[in-house]
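Here is a short note to read beside the model. Please keep the sequence and the 3D view open while going through the points.

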Amino acid sequence: FHISKGIEDPQFEELREVFLAMKGRGELVWIVKPGENSNRGQRIKLCSSIFGMQEILARSSPKGTFIVQKYIERPLLICKRKFDIRCYGLVTSHSGNVKGYFYREGYLRTASRRFSLKNLESKAIHLTNEAVQQMYEDFGKFEPGNKITYKEFNRYLQSNYSGIDFYRDLLPQIRTLVGDTMRATHRKLDPLNRKHTFEIFGYDFMIDEAFHVYLIEVNVNPCLEIKSPVTARIVPAMLDSAFCIALDPLFHSQGNVSTRKNALSDMIQHELVYDSKCDATELKGLKKTFVDDVEVEPDDS
């Protein structure tokens, strides 16, 4: 839910109805985030009552909005601690042709404290942002910089869950969701049709105990700080790969670009997941099919 007018927002009434319905199923916890300037875990709150949610929304500034999401109450845990998955997407636009890419490597960000719903105030339990976790004395106690690679995570899964493989069962879901976000926003990615532009996005995912993958948020201006051995390897390699795709064609002749790409094929770890030249036509067809299938009620007024 995107709440832009506090408790007077029509979406808040929809939220209240959904909250009460899910409360009847025993699912109580929701997370409230600022709709703007919400990076580094700032001003994020967990709520288990509609009154607590009202209190937060009532304090909103006239220009501020909120994102309210159902909190995943039964997340998959690592050694009884919460984690999320940070991966990267790249969008390029050259002369109106928008392309979206998924970077193959990413990492897990872990919490410093054991997971519990009995304490909704503890950011050390519930928020895995490095800017939050590094404030606690247990930061780095279990993993350097509270980071885990995909390979380490896969070993953990294979040791603790029979028949689950991260690369086979979970990463393809993440890749598909990244592509879906680009298809869903393809008209807004480059509305000015700039001749040459690109942007890197930070994607955050979670997995529940039934191994369902959830997209939590997509971040502009993702943190690229290098504060652990994991990020020291992944972030520079991701940037090199992105620059090879987005910048090299602007500064080299076509022949040189092909030669350079062949030479750096191991460096380029982005996979194409969206191309407006191909996908936009299909999306227009889907939209037309949807509109044609909608039954319009006759106006009797």
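Which residues form one aromatic cluster?

1. Phe 83, Tyr 150, Phe 153, Phe 166 and Tyr 167 form it. Please keep in mind that this is a predicted model.

2. The overall picture comes next. The chain has 301 residues, and 44% of them are buried. Its secondary structure consists of ten helices and eleven strands. Among contacts with a separation of 6 or more, 66% are between residues 24 or more positions apart. The accessible surface is about 16,800 Å², and carbon and sulfur atoms account for 52% of that area.

3. Helix H2 covers residues 50–58, and its buried residues are Ile 50, Met 53, Ile 56 and Leu 57. These four lie on the same side of H2, because they cover an arc of only 120 degrees around the axis. Phe 51, Glu 55 and Ala 58 are exposed and sit on the face turned away from the buried side. The cover over the buried residues of H2 includes helix H1 (10–23) and strands E1 (2–3), E2 (30–34), E3 (45–47) and E4 (66–70).

4. The largest nonpolar core contains 29 residues, and Ile 85, Phe 153, Phe 166 and Ile 174 have the most contacts inside it. Two or more residues come from each of strands E5 (81–94), E6 (97–103), E9 (196–207) and E11 (270–275), and from each of helices H5 (150–160) and H6 (166–184). H6 gives the largest share, six residues.

5. Beyond its neighbours within four places in sequence, Ile 85 is in contact with residues including Tyr 107, Leu 108, Tyr 150, Phe 166, Ile 174, Tyr 203 and Phe 205. There is also a second, separate core of 15 residues, with Tyr 88, Tyr 101, Ile 200 and Cys 244 among them.

6. The whole structure has nine aromatic pairs. In one of these, Phe 198 and Phe 243 have ring centres 6.3 Å apart and planes at 80 degrees, so the pair is edge-to-face. Phe 198 is in strand E9 and Phe 243 in helix H7 (residues 229–246), 45 residues apart, so the pair links distant parts of the chain. Phe 198 is partly exposed at 30% relative accessibility, and Phe 243 is partly exposed at 34%.

7. Tyr 203 and Phe 205 make a stacked pair, because their planes are at 10 degrees and their ring centres are 6.2 Å apart. Both of these residues are buried.

Notes: Residues are numbered from 1 along each chain as its sequence is written. This is a predicted model: local features need pLDDT of at least 70, side-chain atom pairs count only at pLDDT 80 or more; totals for chains, interfaces and linings use all residues. Side-chain values use heavy atoms; hydrogens and water are left out. Buried means under 20% relative accessible area, exposed over 50%, partly exposed in between (1.4 Å probe, protein chains only). Contact means heavy atoms within 4.5 Å. Accessible areas come from the Shrake-Rupley method with a 1.4 Å probe; for residues, only the protein chains shown count as cover. The arc is that of the directions from the helix axis to the C-beta atoms. A nonpolar core is a set of buried Ala, Val, Leu, Ile, Met, Phe, Trp, Tyr and Cys residues joined through side-chain atoms within 4.5 Å. Rings of Phe, Tyr and Trp (its six-membered ring) pair if their centres lie within 6.5 Å; planes under 30 degrees apart count as stacked, over 60 as edge-to-face and the rest as tilted.
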